[in-house]
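Please consider the protein below. The paragraphs that follow lead through selected residues and helices, and through the contacts that link them.

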Amino acid sequence: MVLFDGPGATNTERVLQVVREQGKALGLNTCVVATTRGNTALLALEVLAGFRLVAVAHCAGFAEANQQELPEQARRRLEQAGAKVLTATHALGGVGRAVRLRFNTYELEELIAQTLRLFGQGTKVAVEIALMAADAGLIPSGEPVISVGGTKEG
């Protein structure tokens with residue numbers, strides 16, 4: 001087990017090294033990573049060379065209406081290197097989040113998200129992006145993969 005003093009990009013490279021080590025030990029070669037602006041996924045291309053990589057980005061409008069946070073240049077670099085890039089509504093926060101914000105009440109997927117957050121924001125993100133990637137057909141359902149999510153940046 002590896003523990004960090006706090007969240008953030010300073011941990012990203014070490015996390016990806018652990019993913020590489022554990023993936024090899026377990027015979028896994030597919031990794032799903034959360035990425036906002038592409039930095040984590042681009043680093044994963046280097047550290048996880050030989051792994052099948054799926055990068056999951058925020059949906060358009062997540063931070064600002066009609067805006068995509070993942071720059072097109074980063075998307076192109078990832079795809080040219082063989083990574084799959086998914087931009088989609090969050091599996092645990094689409095319509096349910098809208099209902100919570102509008103009516104101040106929780107829907108099922110928001111309850112699931114809040115429960116997962118008890119184990120850490122990164123745990124919630126890792127589960128959510130794996131669901132999203134499976135829903136999109138980018139990873140096979142029912143087969144083990146490594147999924148990486150974080151808190152804040154990196």
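**Reading the predicted model**

Threonine 36 is partly exposed, its relative accessible area being 23%. The model in which this value was computed is a predicted one. Threonine 36 sits in the loop that runs between strand E1 (30-34) and helix H2 (39-47). Apart from neighbours within four places in sequence, threonine 36 is in contact with His58, Glu69 and Leu70. Proline 71 is 35 residues away from threonine 36 in sequence, yet the two C-alpha atoms are 9.0 Å apart in space.

Helix H3 (residues 72-80) comes next. Its buried residues are Ala74, Arg75 and Leu78. Around the helix axis they cover an arc of only 100°, and therefore they lie on the same side of H3. The other side of H3 carries Gln73 and Gln80, which are exposed. What do the buried residues of H3 pack against? Their partners are H2, strand E2 (52-57) and strand E3 (84-87).

The backbone also deserves attention. Most residues other than glycine have a negative phi. Just after H3, glycine 82 adopts a positive phi of about 100°. Asparagine 66 is not a glycine, but it too has a positive phi, of about 65°. Asparagine 66 belongs to the loop between E2 and H3, and with a relative accessible area of 74% it is exposed. Asparagine 104, again not a glycine, has a positive phi of about 55°. The loop between H4 and H5 holds asparagine 104, which counts as exposed at 69% relative accessibility.

Charged side chains form another part of the picture. Side chains of opposite charge can pair when their charged atoms come close. How many salt bridges does the model contain? The count is three.

One of these salt bridges joins arginine 100 to glutamate 110, with the closest N and O atoms 2.6 Å apart. Arginine 100 lies in helix H4 (residues 95-103) and glutamate 110 in helix H5 (residues 108-117), so this pair ties together parts that are ten residues apart in sequence. Are the two partners buried or exposed, in whole or in part? Arginine 100 is partly exposed at 21% relative accessibility, whereas glutamate 110 is buried, with a relative accessible area of 1%.

Glutamate 128 forms a salt bridge with lysine 124, and here the closest N and O atoms are 2.7 Å apart. Both residues lie in helix H6 (residues 121-135), four residues apart, which is about one turn of the helix. Glutamate 128 and lysine 124 are both buried.

Arginine 14 and glutamate 21 make up a further salt bridge, their closest N and O atoms being 3.6 Å apart. Arginine 14 is partly exposed at 33% relative accessibility, and glutamate 21 is likewise partly exposed, with a relative accessible area of 41%.

The cysteines remain to be considered. A disulfide is a covalent bond between the sulfur atoms of two cysteines. The count of disulfides in this model is zero. Cysteine 31 is buried, at 0% relative accessibility. Cysteine 59 has a relative accessible area of 19%; because buried means under 20%, cysteine 59 also counts as buried.

Note on methods. Residues numbered from 1 in each chain as written. Predicted model: local features only at pLDDT ≥ 70, side-chain atom pairs only at ≥ 80, totals over all residues. Heavy atoms only, no water. Helix = DSSP H or I, 4+ residues; strand = E, 2+ residues; numbered from the N terminus. Buried < 20%, exposed > 50% of the residue type's maximum accessible area, 1.4 Å probe, protein only. Contact = heavy atoms within 4.5 Å. Disulfide = S-S within 2.5 Å. Salt bridge = Lys/Arg side-chain N within 4 Å of Asp/Glu carboxyl O. Arc of directions from axis to C-beta.
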